[in-house]
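Please read them with the sequence and the structure in view.

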Amino acid sequence: MDFKATDIASFLNGEIVGDGDAKVSNVSKIEDGKPGTLAFLANPKYENYIYETKASVVLVNKSFTPKEEISATLIKVDDAYQAFASLLDLYVQAKASMKQGIEQPCYIAESATRGDDGYVGAFAYIGNNAKIGKNVKIYPQVHVGDNVKIGDDCILYPGAKIYDDCVIGNRCIIHSGAVIGADGFGFAPQADGTYKKVHQIGNAVLEDDVEIGANTTIDCGTMESTIIRKGVKLDNLIQIAHNVEVGDNTVMAAQTGISGSAKIGKNCMFGGQVGLGGHITVGDNVTLGAQSGVVSNLKSNQTLLGSPAIEIKTAMRAYVLLKDLPEIRRDVLQLKKTINTDKKN
Amino acid sequence: MDFKATDIASFLNGEIVGDGDAKVSNVSKIEDGKPGTLAFLANPKYENYIYETKASVVLVNKSFTPKEEISATLIKVDDAYQAFASLLDLYVQAKASMKQGIEQPCYIAESATRGDDGYVGAFAYIGNNAKIGKNVKIYPQVHVGDNVKIGDDCILYPGAKIYDDCVIGNRCIIHSGAVIGADGFGFAPQADGTYKKVHQIGNAVLEDDVEIGANTTIDCGTMESTIIRKGVKLDNLIQIAHNVEVGDNTVMAAQTGISGSAKIGKNCMFGGQVGLGGHITVGDNVTLGAQSGVVSNLKSNQTLLGSPAIEIKTAMRAYVLLKDLPEIRRDVLQLKKTINTDKKN
Amino acid sequence: MDFKATDIASFLNGEIVGDGDAKVSNVSKIEDGKPGTLAFLANPKYENYIYETKASVVLVNKSFTPKEEISATLIKVDDAYQAFASLLDLYVQAKASMKQGIEQPCYIAESATRGDDGYVGAFAYIGNNAKIGKNVKIYPQVHVGDNVKIGDDCILYPGAKIYDDCVIGNRCIIHSGAVIGADGFGFAPQADGTYKKVHQIGNAVLEDDVEIGANTTIDCGTMESTIIRKGVKLDNLIQIAHNVEVGDNTVMAAQTGISGSAKIGKNCMFGGQVGLGGHITVGDNVTLGAQSGVVSNLKSNQTLLGSPAIEIKTAMRAYVLLKDLPEIRRDVLQLKKTINTDKKN
């Protein structure tokens, strides 16, 4: 898709400086702009790039006055960053709206229902009694199990897998390879050393506006639901075990693992590769640094780091001293020797 | 499916107290029982919940005598927990038995063979010379490679991938997105800094009663087999590298990684996010705490924690002192200064 | 496939000692050789195995003179290891060449193009305007998004998922469940505690000779490309976040995670479960031990370990002393007491 500078300016209520016929088909960052792309300049720190950029069109604030010659066409708007963001919204919506209808072959159970304006890709599978809302994009090779409920305006990317009985809210995005509702890891040890499976008959519930990263796994509850509250964003390769609850707007970076029955509050931020033990309760607004390990309950409004996790400033002061442990021990041994020698004298 | 209290009581040889016509369609925990569900009371600590529960039917031990009025219908049995477990078994079996036959379109190579009573979901793929036992459920979008052997009574959930030549025992369960038998990570460094692939032509072997979690990966051996012994249970997102052997009934929690050629004994328990180095031998009954890192061989019957992993009590005492490192160093420096001062006096 | 010893000897320009009619259908290691397999002896340390091996045929160096009787047929060649490797190459090529043509049903968009000699498995999906080179094997259930470009001689194993607009070079191998080009994890915090998605409209670019392990995820760039340079080898379950660049011939072991916008040099080696923070620059030839955590830029030609990562020898000396922390603190407290007592005297 090619867009002309004058058309973009007109959509944004902006003012053209330069060649109004310049065309763009993509966007770029101003520091590595390529011909045929549109960039923006909002932060004055990046101003020097605008005199060198090869981007064909650049959005700038009305207040911007160039100090040198600029080869790109400028579009002056009230807020260059907001204008750029609204163009991106438009672009993404236009692209998404191209996925419509049903590709064959796909498998939609007779008892399943679907709202209007959706997409079902080839080789997607929709099970018995599944209830799917309006404008839901189900990409190729997605699996939607029996009795699954999905709200409106969701996107399930290629190969996402939803087990039976799970519930997904409105405006959720589930990336490729994510697995929602697989059996929790529950086994009863037997006298002979073997394990008997504890049936996992609960489900997983994702509330509205949840985004789940690629290859992330969210297990079903044992009898109840594993619950991901509204606005939660999970990165890739995260593990959420059975019976966990994750509070509103909590975000977790990649490869974090949450053990069974943990309850996590609202607006928490967990770095990558964090581990949380089973049955732990975490308050609201808790921030955990990457690779932290948590083995006890955490109150609200804290920032922690380390394994076991401690207050972040303490952790940073302490971990950096690990390298000095050999010297510290040598000193202590020497001191003991000195003191003993002194005493003997 | 709706079940009547009198029918359940009759199946369990139990005695009804209250409304025998009460119906249930699901189960719940007594502490959050909902109308239309069946709960159980076995542990006396939960007794107070039975007077408030909204569950319609509750299984109780014969010895149980209520102290207050109870609105739920009671079914008195010899062992409430066992009775509940047997009902769950029945429910799960009934549900599983509904998946039968072959959904179209699926791809079954002409040279593949399948036992009776199985299920092949739409978009599943079964390769040349694959041999599949009786009562095997192959859900949609599963891939079974050429020459794969699968025993009886297995379940392969949607999108599980089995590479060529792998062998899977009886009563195994493989969850969505698990990858069995992908190439081990083997590359020979060349003089120019590039790597030449070392062909990985072995396979992965899962013995009987193995369960593999969602998105877990088990690589094939270089020339031999990667072996997962009987009764092993692996959680989600675990990595098992080439040529590894995991002994009978060993269980591992999510996101644990086992490096190439490690040999792990029987009845071990590994917490989440554990890492095991290459070519390491671990004995039987070894327990590793979450996030442990193991870089040397481990004898049987130990419980370890930390990275590098050390005896767990020592580890717990040591790691909790990390936060005191700055103070310890300050003290040591002060002591050195004091001693020196003393000496100079 | 059965091969006769004389045919193998003739292919390798080798000399038969023993039964030229011996047949093999597979390979094995000499220390656990089975009848009907071919093994090799190159390292003199393994010589004792050749007198006991059950392998039917063994490749040996011309210089090898047996000290005892050997039941296997020997093939004497200039370099037993190289000869074995070239046989493996032949075997793997022969096997790969059996996957040819298009299995039905698959989905290939009309606007997609494909070079000669490839394979498209059943239930594979190839999107609009995808451009696929010669001799590319697209296994069943693979997803190739719109506008994706794939070079020559690539293999995409069952269920690999490539998002729209990604670019893959020549001779790349992508294992099952790998997800290339999913949305980077970018969200703008709003005043009310919710997050607004930052559109991720870049792509992921894999240069030539890249291998991506099972269930590994490589996110697309925000506006630019996430770039995996030529010769990079990534193991299973690795996370590469948006806008990352990984330099030529860098290799990473399983479950490592690279945060957004990190730039990694050439010929680095990262162990398993390593974590790299966002916006970090790593030089060339940097080696990181397993479970390391990196939070600051790293110069070239270093070997580090630990979290935070420090020079490896320092780290090994320091981490092994963690177990002594309780004793060190006890000593320090005792010393303080002694000194104080001394002073009071």
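1. Buried area, as used below, is the accessible area (1.4 Å probe) that two parts lose on being put together, summed over both. C:Phe185, C:Tyr195 and C:Met223 supply 15% of the area that chain C buries against chain A, more than any other three residues.

2. The model is predicted: local features need pLDDT of at least 70 and side-chain atom pairs count only at pLDDT 80 or more, while totals for chains, interfaces and linings use all residues. Residues are numbered from 1 along each chain as its sequence is written, chains are lettered from A and ligands numbered from 1 in the order in which they are written, and side-chain values use heavy atoms, with hydrogens and water left out.

3. How are the copies related? Chain C is superposed on chain A by a rotation of 120 degrees with 0.0 Å of shift along its axis, at an RMSD of 0.1 Å. The two copies are therefore related as by a three-fold rotation axis. Chain A goes onto chain B by a rotation of 120 degrees, with 0.0 Å of shift along the axis and an RMSD of 0.1 Å.

4. Between chain C and chain A, the contact (heavy atoms within 4.5 Å) takes 63 residues from chain C and 55 residues from chain A. Eight salt bridges are counted between these chains, a salt bridge being a side-chain nitrogen of Lys or Arg within 4 Å of a carboxyl oxygen of Asp or Glu. One of the salt bridges joins C:Lys197 to A:Glu211, at 2.8 Å from N to O.

5. Between chain A and chain B, 63 residues of chain A and 54 residues of chain B take part in the contact. The buried area is about 4700 Å², with 64% from carbon and sulfur atoms. On the chain A side, A:Phe185, A:Tyr195 and A:Met223 lose the most area to chain B, together 14% of what that side buries. The rule finds eight salt bridges across this interface. A:Lys196 pairs with B:Asp89 in a salt bridge whose closest N and O atoms are 3.8 Å apart.

6. What does the search for enclosed space find? The whole structure holds seven cavities of 30 Å³ or more. A cavity is a set of points, on a 1 Å grid over the protein atoms alone, where a 1.4 Å probe fits but cannot get out; lining residues have an atom within 4 Å of a point. Volume is the space filled by probe spheres set on the points, which are joined across faces, edges and corners.

7. The largest cavity has a volume of about 150 Å³. Of its 18 lining residues, A:Gly159, A:Lys161, B:Gly159, C:Gly159 and C:Lys161 are the closest to its centre.

8. The second largest cavity holds about 60 Å³ of space. Its lining includes B:Asp183, B:Phe185 and B:Phe187 from chain B, and C:His175, C:Glu211 and C:Leu234 from chain C.

How values were computed:
1 Å grid on protein atoms, 1.4 Å probe; cavity = no way out; pocket = protein on both sides within 12 Å on 5 of 7 lines; lining within 4 Å. Least-squares fit on C-alpha atoms with pLDDT ≥ 70 in both.
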